Amino acid sequence: MKEKAPGWIGKVDPCDANCPSRDILDLIGDRWSLLLLLVIAQGYHRNGELKRRVGGISQKMLTQTLRALEANGLVERHDFQTVPPHVEYYLTALGASLGHALTPLFEWIEREFPAVQTARATFAERGAAGQGAGFDRKLPIGDVHPGESRGPEFQH
């Protein structure tokens with residue numbers, strides 16, 4: 001049975017390489033953007049707080065990502081014009097609406113992470129038994145290889 005197309009098809013199509021929505025998808029699909037949005041959604045944060053809270057982010061990536069989030073209207077930067085500098089970041093109404101849209105994603109990650117870990121272990125065991133390539137990298141969750149099934153929840 002053929003799946004019904006989502007309601008947004010025809011309005012935007014991020015699968016089309018020329019669709020401007022790709023820019024937004026690239027921004028919110030970026031690991032640092034998602035993590036920063038998650039933290040900033042919890043309240044006002046200074047640059048140093050964000051760097052400490054988002055493990056592994058460099059100062060350069062923090063600055064670039066905050067600027068991109070600000071340029072796209074998701075985050076507001078408030079400069080208190082003091083010495084030493086005091087700058088805080090917070091979500092705009094647009095950013096908060098995106099946060100609401102992302103909540104189910106973060107809930108899914110929290111709920112399904114054990115199943116993903118099990119799938120990774122099973123995949124690694126198959127590789128060790130000579131049944132396919134070993135698990136030497138983290139596959140994106142959506143990757144399905146030829147001959148593999150997504151599972152019953154994706155078959156309609």
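This is a guided tour of the structure above, stop by stop.

**Before you start**

The model is predicted: local features need pLDDT of at least 70, side-chain atom pairs count only at pLDDT 80 or more, and totals for chains, interfaces and linings use all residues. Residues are numbered from 1 along each chain as its sequence is written, and side-chain values use heavy atoms, with hydrogens and water left out.

**Whole chain**

Show the whole protein as a cartoon. Count five helices and three strands. Helices (H or I, at least four residues) and strands (E, at least two) are DSSP runs, numbered from the N terminus. Along the sequence the pattern reads α-α-β-α-α-β-β-α. The protein has 156 residues, and 22% of them count as buried. Buried means under 20% relative accessible area, exposed over 50%, and partly exposed in between (1.4 Å probe, protein chains only). Among contacts (heavy atoms within 4.5 Å) with a separation of 6 or more, 39% are between residues 24 or more positions apart.

**Helix α5**

Select residues 93-128. This is α5, with 36 residues. The expected span of a helix is 1.5 Å times one less than its number of residues.

Now zoom in on E112. A kink of about 55 degrees lies there, shortly before the proline P114. The bend at a residue is the angle between axes fitted to the seven residues ending there and the seven starting there.

Next, pick G95, L98, L102, V116, F123 and G127; these α5 residues are buried. The cover over the buried residues of α5 includes α1 (21-29), α2 (31-40) and β3 (87-91). Step just past α5 to G130, where phi is positive, at about 80 degrees.

**The core and α2**

Select L36, L37, I40 and L50. In the largest nonpolar core, which has 21 residues, these four touch the most other members. A nonpolar core is a set of buried Ala, Val, Leu, Ile, Met, Phe, Trp, Tyr and Cys residues joined through side-chain atoms within 4.5 Å. Two or more residues each come from α1, α2, α4 (59-71), β3 and α5. Helix α2 gives the most, with six residues.

Centre on L37. Beyond its neighbours within four places in sequence, L37 contacts L69, L74, V75, L91, L98 and L102.

Stay in α2 and move to S33. Is S33 buried or exposed? S33 is buried, because its relative accessible area is 2%. A polar atom of the S33 side chain lies 3.0 Å from the backbone oxygen of L27. Not counting residues up to four places away in sequence, S33 touches L27, T65 and L69.

**The strands**

Select β3. Four of its five residues are buried. Strand β1 (residues 45-46) pairs with β3 in the antiparallel sense, over two bridges. Two strands pair if DSSP finds at least two bridges between them. H45 has Y89 of β3 as its bridge partner. Strand β2 (residues 75-79) also runs antiparallel to β3, joined by five bridges. Look for R77 opposite Y89 in β3.

**The loop between β2 and β3**

Finish with Q81 in this loop. Q81 has a positive phi of about 55 degrees, although it is not a glycine. Q81 counts as exposed because its relative accessibility is 66%. Then go to P84, in the loop between β2 and β3. The peptide bond joining V83 and P84 is cis, with omega about 0 degrees. Most residues other than glycine have a negative phi, and most peptide bonds are trans.

Methods:
A polar contact is a pair of N or O atoms within 3.5 Å; within protein, one must be able to donate a hydrogen and the other to accept it, and residues adjacent in sequence count only if both atoms are side-chain atoms.
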